Amino acid sequence: MTRSFNPVFASLPTTIFTVMSGLSVEHGAINLGQGFPDNEGPDDVRARAADALMAGSNQYPPMLGLPELRQAVADHYRRFHGLELDWKSQVLVTSGATEALAAAIMALVAPGDEAVLLEPAYDCYAPQVRAVGGTPRFVRLEPPQRRITTEALEAVTGPKTKLIVFNNPQNPAARVYSPEELKVLADWCVRHDVVAVCDEVWEHLVFDGRRHTPLMSLAGMAERCVKIGSAGKIFSLTGWKVGFVCAAPELAAIVGKAHQFLTFTTAPNLQTGVAYGLGKADSYFQDMRAYYARSRDRLTDGLKAEGFAVIPSEGTYFVNVDLAASGLNIDDAAFCLRAVKEAGVAAIPVSAFYESDPVRNVVRLCFAKRDQTIDAGIERLAKARRLF
Ligand SMILES: Cc1ncc(COP(=O)(O)O)c(C=O)c1O
């Protein structure tokens with residue numbers, strides 16, 4: 001007897017991050033593939049969560065999140081972006097940004113609706129849209145600039161267009177969109193009455209004096225944005241999987257209904273730790289950015305010295321290397337496979353972020369690592385280069 005499963009998931013390969021991390025362990029490689037820091041995160045935030053685990057309640061917290069965390073999220077975004085959010089009707093807590101994305105897409109996309117995705121796209125968006133009977137419509141952002149244009153958006157717009165998933169700062173391209181592009185996007189959303197699910201998990205990881213602008217803060221967008229954040233990225237604690245959703249009351253309410261049957265709630269002690277962390281002084285956020293900017297520069301400079309063409313990273317934990325411009329006429333996936341097996345360094349092929357006709361000459365590297373790991377990674381990438 002052959003069983004049939006939901007084709008959306010049955011046809012999916014294991015994510016490239018899991019594949020590369022597995023090969024990395026198998027070959028004892030330096031893992032510059034999957035995006036997680038190799039520091040432990042702030043002591044005080046972890047201590048607060050540890051105390052809450054022992055002294056606080058470990059029973060189901062409220063479905064929408066602990067009030068102290070929902071208030072902390074609203075206060076945080078008022079402090080950093082001047083957003084005015086009513087924590088009771090506009091903020092809810094999720095188990096990571098991944099759950100927030102799933103809840104938002106489940107709640108907003110009905111069977112037959114279309115959702116616009118910008119490629120390269122983070123890998124969970126398309127399956128999440130398809131799982132609820134929606135159809136992804138892809139807009140390809142052409143390298144090297146990868147700019148959003150009205151023409152490209154209009155080309156995929158129709159009567160069924162319901163939402164767009166907008167990731168800014170962008171993983172894997174490590175781009176921070178310009179004010180002009182945000183305006184193009186906001187105008188298009190308003191013109192076609194489209195809701196923007198804004199994946200802003202990298203909001204605090206922007207470099208060289210850049211400032212993150214939530215799409216929600218643009219004219220006409222407060223009532224049509226679902227803004228998603230992740231404590232994992234803000235506090236270098238990716239295993240915590242604490243996310244948050246901010247939206248107009250009508251949107252927050254429907255996302256909450258999907259969330260109640262996905263995970264219902266999130267570990268209470270971690271929520272307490274994140275509530276404390278979001279209130280930390282501005283200097284924490286500045287220092288964290290400076291720390292990662294230094295790592296970005298170390299990896300970028302080291303790679304350049306070895307003859308790699310590095311595409312400048314404006315934000316996130318990642319840099320991209322253009323293999324073709326580095327004189328390597330080789331497919332990104334082939335480069336990554338040989339690099340992990342024969343040179344002992346794991347990277348991510350950017351072609352994995354495309355559904356069809358991918359860009360095949362770019363690999364993504366994570367710089368959120370200790371200096372010695374970055375230096376060893378550079379050495380091994382130089383070795384990988386010599387294999388071709
Ligand atoms: C663009 C983007 N969205 C969502 C996530 C997932 O966030 P979380 O770990 O909070 O689920 C990531 C993690 O790397 C990401 O890069």
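Predicted model: local features only at pLDDT ≥ 70, side-chain atom pairs only at ≥ 80, totals over all residues.
The buried residues of helix H12 are Pro268, Asn269, Leu270, Gln271, Thr272, Gly273, Val274, Ala275, Gly277 and Leu278. "Buried" here means under 20% relative accessible area, with exposed over 50% and partly exposed in between, using a 1.4 Å probe and protein chains only. Ten of the eleven residues of H12 (residues 268–278) are buried, so this helix is largely enclosed by the rest of the structure. Its buried residues pack against helix H3 (43–55), H4, S2, H10, S8 and H13, where contact means heavy atoms within 4.5 Å. The helix and strand labels are DSSP runs numbered from the N terminus: helices are H or I with at least four residues, strands are E with at least two.

Residues are numbered from 1 along each chain as its sequence is written, and side-chain values use heavy atoms, with hydrogens and water left out.

Strands of a sheet pair through backbone hydrogen bonds, either parallel or antiparallel. In this report two strands pair if DSSP finds at least two bridges between them.

At one end of the order, S3 and S4 pair in the parallel sense over six bridges, and leucine 117 stands opposite phenylalanine 138 in S4.

What about S7 itself: is it covered or open? Six of its six residues are buried, which makes it mostly covered. Cys225, Lys227 and Gly229 are buried on one side, and Val226, Ile228 and Ser230 on the other. S7 runs parallel to S6, joined by four bridges, with isoleucine 228 in S7 as the bridge partner of aspartate 199. With S8 it runs antiparallel over five bridges, and there serine 230 is partnered by glycine 243.

**The four-stranded sheet**

Another open sheet has four strands in the order S9-S10-S13-S12, with antiparallel pairing. Strand S9 (309–311) and strand S12 (348–349) are its edges, each pairing on one side only. S12 is joined to strand S13 (residues 362–366) by two bridges, and proline 349 stands opposite valine 363 in S13.

**Empty spaces**

Rolling a probe the size of a water molecule over the atoms shows where empty space is left. On a 1 Å grid over the protein atoms alone, a cavity is a set of points where a 1.4 Å probe fits but cannot get out; a pocket is an open set with protein on both sides within 12 Å along at least five of seven lines, and lining residues have an atom within 4 Å of a point. Grid points are joined across faces, edges and corners, and a volume is the space filled by probe spheres set on the points. In the table, Ala, Val, Leu, Ile, Met, Phe, Trp, Tyr, Cys and Pro count as nonpolar, Asp, Glu, Lys and Arg as charged, and the others, Gly among them, as polar.

| Space | Volume | Lining residues by kind |
|---|---|---|
| Largest pocket | about 1100 Å³ | 24 nonpolar, 13 polar, eight charged |
| Second largest pocket | about 210 Å³ | two nonpolar, five polar, six charged |
| Largest cavity | about 40 Å³ | six nonpolar, two polar, no charged |

Of the 45 residues lining the largest pocket, Thr15, Phe17, Tyr122, Asp123 and Cys124 are closest to its centre. H7 gives the largest share of that lining, five residues. The second largest pocket has 13 lining residues, with Phe80, His204, Arg210, Arg211 and Arg289 nearest its centre. Helix H4 (67–81) and helix H13 (282–305) each give two or more residues to this lining.

The structure holds one cavity of 30 Å³ or more. Leu117, Leu118, Ala121, Tyr125, Val165, Asn167, Gln170 and Tyr177 line the largest cavity, with S3 and S5 each giving two or more residues.
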